[in-house]
Amino acid sequence: MGLRRAFFLLTLGGLLAALALAALLWAVCRAISSQYPLGGMSIGIDVTFTPLPAPTPEQMRLLQVLDIVGLLGWILFPVTGLGLAGALFYRWKLREPIALLLEGTRRIQTHDLDFALPAVSTDELGQICAAFEGMRRELLKTNRELWRQAEERKRLNAAFAHDLRNPITVLKGSVRLLRQDASDPQTIDRLERYTLRIEQYVEAMGSIQRLEQMPVKSASVPWAVLRAELEETARLLAPALDAGIRGSDAGAVQIDHGIFLTVAENLIGNAARFARRNLEITLALEKNTLFLSVADDGPGFPGQLLQSGPKPFEKSGESAEHFGMGLYSSGLLCRKHGGGLRLENRGAGGAAVTASFQIISRS
């Protein structure tokens with residue numbers, strides 16, 4: 001029942017009950033008054049006047065009190081009825097949701113979002129409580145995401161600093177050698193190589209920041225276009241491998257085309273480095289999620305990578321020039337698109353990576 005209707009019914013009920021009690025009190029006062037003489041004259045049929053007994057002073061005072069009580073009943077009972085109706089309205093409809101909202105506001109002010117507001121009713125205040133609960137969930141989700149990003153940034157900075165320590169040490173040693181013999185070509189080559197490596201590290205760090213700030217811009221992309229681009233990417237990045245692409249036509253999907261291509265290039269390029277002969281690329285649509293899976297027949301993922309997930313600047317046996325950014329950045333882009341990245345080793349041998357993208361609609 002809505003607040004307006006509940007307030008009207010309670011007020012009407014309280015007022016009617018008060019009027020009924022006032023009328024009852026008035027009737028009781030009249031009945032008591034009728035038991036006492038009122039004085040005056042009685043006129044008979046033969047037009048004779050007979051004096052009636054007059055009330056005593058005590059009876060007169062009692063009759064006056066009864067008149068006052070009867071009149072006050074018509075004032076006090078309606079006022080009391082309206083007051084009780086308001087009190088009942090507050091107790092039944094306002095007290096609990098207001099207390100919940102105040103408590104929720106207090107906890108949010110103390111940065112405590114680990115609570116839930118129950119559904120108290122379906123009226124206007126219940127809807128406000130439901131909206132408040134929705135806001136709390138969104139704040140909690142945002143806070144957890146900010147915390148995750150902060151922790152990821154700390155770990156990223158630590159990894160960046162750790163991986164820079166060795167090249168910087170080499171550069172320092174090379175500088176000392178150059179001071180001793182400025183004509184040493186090996187020292188100069190080492191300086192050039194490690195300077196380039198630091199430059200690549202810095203560029204990789206900047207690419208992560210750009211990915212985190214990249215907005216998601218969805219557009220309708222035909223399924224045939226996605227399939228053709230996967231075929232072209234596999235031909236360019238894995239020309240010596242037998243790359244098969246599977247997936248039935250699903251019309252068009254609403255995705256960020258650039259994010260999809262970036263993830264596809266990363267996954268295919270990563271698989272091409274470890275595959276022996278074959279690549280299997282699968283594109284599938286299930287409900288509102290687009291799945292891109294790339295599998296190879298290589299040695300598979302290390303156990304530590306499967307357990308902790310891809311991280312930047314981890315090489316996992318790759319060349320020194322590669323900083324392990326492909327899988328990490330792909331996971332970051334998939335999460336921005338409402339999906340994720342799943343790594344697994346296949347039972348028949350090899351590794352498989354599945355990227356998922358949340359889509360808006362399909363046509």
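Modeller: Glu133 and Arg136 form a salt bridge in which the closest N and O atoms are 2.6 Å apart; the term requires a side-chain nitrogen of Lys or Arg within 4 Å of a carboxyl oxygen of Asp or Glu. The model is a predicted one, in which local features need pLDDT of at least 70 and side-chain atom pairs pLDDT 80 or more, while totals for chains, interfaces and linings use all residues. Residues are numbered from 1 along each chain as its sequence is written, and side-chain values use heavy atoms, without hydrogens or water.

Glu133 and Arg136 are separated by about one helical turn because they stand three residues apart in helix α3; helices (H or I, at least four residues) and strands (E, at least two) are DSSP runs numbered from the N terminus. Both partners are buried: Glu133 has 8% relative accessibility, and the relative accessible area of Arg136 is 6%. Buried denotes under 20% relative accessible area, exposed over 50%, and partly exposed the range in between, with a 1.4 Å probe and protein chains only.

In total, the structure holds eleven salt bridges. One of them joins the side chains of Glu232 and Arg235, at 2.5 Å from N to O. The spacing of that pair is again three residues, about one turn, this time within helix α5, which covers residues 223-237. Glu232 is partly exposed, with a relative accessible area of 34%.

A further salt bridge brings together the side chains of Glu280 and Arg346, at 3.2 Å from N to O. This pair links distant parts of the chain, 66 residues apart: Glu280 belongs to strand β6 (residues 278-286), whereas Arg346 sits in the loop between β8 and β9. Both residues are partly exposed, Glu280 with a relative accessible area of 34% and Arg346 with one of 28%. Returning to the opening pair, salt bridges with shared partners join Glu133, Arg136 and Arg137 into one network.

Helix α3 (124-180), which holds the Glu133 and Arg136 pair, also contributes at least two residues to the lining of the second largest pocket, as do α8 (325-336) and β8 (340-345). Helix α8 gives the most, namely five residues. The lining comprises 14 residues, and those nearest the centre of the pocket are Gly309, Pro310, Tyr328, Gly331 and Arg335. By class, six of the lining residues are nonpolar, four polar and four charged. The space in this pocket amounts to about 180 Å³.

The volume of the largest cavity is about 30 Å³. Its lining consists of Leu267, Asn270, Ala271, Val294, Asp296, Phe301, Ala351 and Val353. Helix α6 (257-274) and strands β7 (289-296) and β9 (351-358) each supply at least two of the lining residues, and the largest share, three residues, comes from α6. By class, this lining has six nonpolar residues, one polar and one charged.

On a 1 Å grid over the protein atoms alone, a cavity is a set of points where a 1.4 Å probe fits but cannot get out; a pocket is an open set with protein on both sides within 12 Å along at least five of seven lines, and lining residues have an atom within 4 Å of a point. Points join across faces, edges and corners, and a volume is the space filled by probe spheres set on them. Asp, Glu, Lys and Arg count as charged, Ala, Val, Leu, Ile, Met, Phe, Trp, Tyr, Cys and Pro as nonpolar, and the others, Gly among them, as polar.
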